[in-house]
Amino acid sequence: MEKIWIGNAARQVIDRLEQAGFGAWIVGGCVRDMLRGETPHDWDIAAAATPEEIEAALSAYRLVLTGIRHGTVTAIVDGEPIEVTACRGEGEYLDGRHPESVTFHRSIEEDLARRDFTINALAYSPYRGFLDLYGGREDLAAGVIRCIRDPEERFREDALRILRGLRFAATLGYAIEEKTAAAIHSLAGSLRKISIERCTAEFTRLLLGDKATEILTEFADVIAVFLPEAAPMMGFSHRAEHHGDLWRHSVRPLAMAPRDLSIRLALLLRDCAKLLETAVEEEYPDHAAHGAELAEQALTRLRLPNAVTERVTLLVRHHSTLPALTDAAILRNMRDLSPEALLELCAMRRADRMTHGEDCREIGELEQRIRALLSEGRCYRLSQLALSGGDLIPLGYRGPEIGKTLRRLLDAVIDGDCLNEKEALLLYLKA
């Protein structure tokens, strides 16, 4: 019998269930990950038992029973949570997301039949070996995302599976099987039944995949269902050298970008306002500012964290310009944006240039200088000034005049007109 390694905590749970007379299998993503040579992030176990029988069999462990209504008991074994779910069948999906009823039974075969994709319908028991009813191992080896049985039926049951399929394809680097892909396009509109939070969770994980560019290009119609800002970008051709419409131009750099959500969202949305403007000699002078407004609206609607929305909006607003390679220009940008944001803008510009096969040496020089200025402790913010507001009060400065004077002194330090030393700053004021 072919065997694979199972984590100690999961193995303990399986052994307890088997000793109590209930068949137990690790299932789904953890089996898929093991067969791909990866260590699972968590272990899911299916048991041929009722939830109450699972609870009794695992009574030696601390149990979390918040999911028992849905058949799930979580055992805490050596500090590790192990989810055990009773084998179950499901009734009709009338709302396109949740089954009307759930029944528990003792058939692992029926449990696997209700799952979404063949690569997620794999089960393994250290007592019985692998159970692969739908060719999941073959699809894993071929790198294919394929629905179990009829894809349209699977997606009508739960429309979120559409985005799950795209996410798996993008993060695993797999192709989507022809009938499954056709059903995704056909039923994309059913995503409107799904909460925006669920769509966003899958979309953001998709964006971080190595194959995000290919999936966003091929399934642009699906993305436009919950990101309507994308729809006008499709078919809008603004520059011949961009080799395609504005949407393709926006998604292509993702393949070259760091696996950072804010950077990738900013690349995706940076030019979304160009179609609202009239080009002047192939330039769109206000598109960055307008794009920042559109990006903020879109990300707020997607319910992304405020910190992500603010960061992306800042990157979109400033994506068109980078400072000259002078210390003063770089320090001013560090002051106005933050060093982190400036380095992220460099990463965006590099991804865009690499997409077009352009030279990136200047960007590398800029990044090196930013880091050098930081390591040298160069002054670029008020808190680093050797003079504080308290030092100005004895000199007769009051109220808003204090802040205005400190900012003027910071400019002088950045421009190299004055050393960042208390005496030098006082002398500069007197002069």
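Guide: Helices and strands are taken here as DSSP runs, of at least four residues (H or I) for a helix and at least two (E) for a strand, and they are numbered from the N terminus. The model under discussion is a predicted one.

The description may begin with β1 and proceed to either side. Strand β1 comprises residues 24-27 and runs antiparallel to strand β2, residues 44-47, the two being joined by three bridges. Within this pairing, W25 has A46 of β2 as its bridge partner. A46 also leads onward to the next strand, for its bridge partner in β5 is T85. The pairing of β2 with β5 (residues 80-86) is in the parallel sense and extends over four bridges.

I26 stands opposite Y124 of β8, while V27 stands opposite A123 of the β8 strand.

Is each of its faces covered or uncovered? Both are covered: L122 and Y124 lie on one side, A123 and S125 lie on the other, and all of these residues are buried. From β8 the sheet continues to β9 (residues 129-132), an antiparallel neighbour joined to β8 by four bridges. L122 has D132 as its bridge partner in β9. Three residues separate β8 from β9, and the two strands form a hairpin.

R259 is located between α12 (246-251) and α13 (261-269). Its relative accessibility is 54%; since the cut-off for an exposed residue is over 50%, R259 therefore counts as exposed. Leaving aside residues up to four places away in sequence, R259 touches L208, D210 and R264. The C-alpha atoms of R259 and L207 are 8.4 Å apart in space, although 52 residues separate the pair in sequence.

The second feature is a pair of helices. Two packed helices are described by the angle between their axes and by the distance between those axes. For helix α20 (residues 400-414) and helix α21 (residues 422-430), the angle is about 110° and the axes are 11 Å apart. Angles of 65 to 115 degrees count as roughly perpendicular, and α20 and α21 are therefore described in that way. Their crossing is right-handed. On the α20 side the contact is made by T405, R408, L409, A412 and V413, and on the α21 side by L425, Y428 and L429. Six of the residues in this contact of α20 with α21 are nonpolar, one is polar and one is charged.

Definitions and conventions
Residues numbered from 1 in each chain as written. Predicted model: local features only at pLDDT ≥ 70, side-chain atom pairs only at ≥ 80, totals over all residues. Heavy atoms only, no water. Pairing = 2+ DSSP bridges. Axes fitted to C-alpha atoms, helices over the stretch in contact; angles between N-to-C directions. Parallel < 35°, antiparallel > 145°, perpendicular 65-115°, else oblique. Left-handed = near helix turned anticlockwise from the far one by under 90°. Contact = heavy atoms within 4.5 Å. Nonpolar A, V, L, I, M, F, W, Y, C, P; charged D, E, K, R; others polar. Buried < 20%, exposed > 50% of the residue type's maximum accessible area, 1.4 Å probe, protein only.
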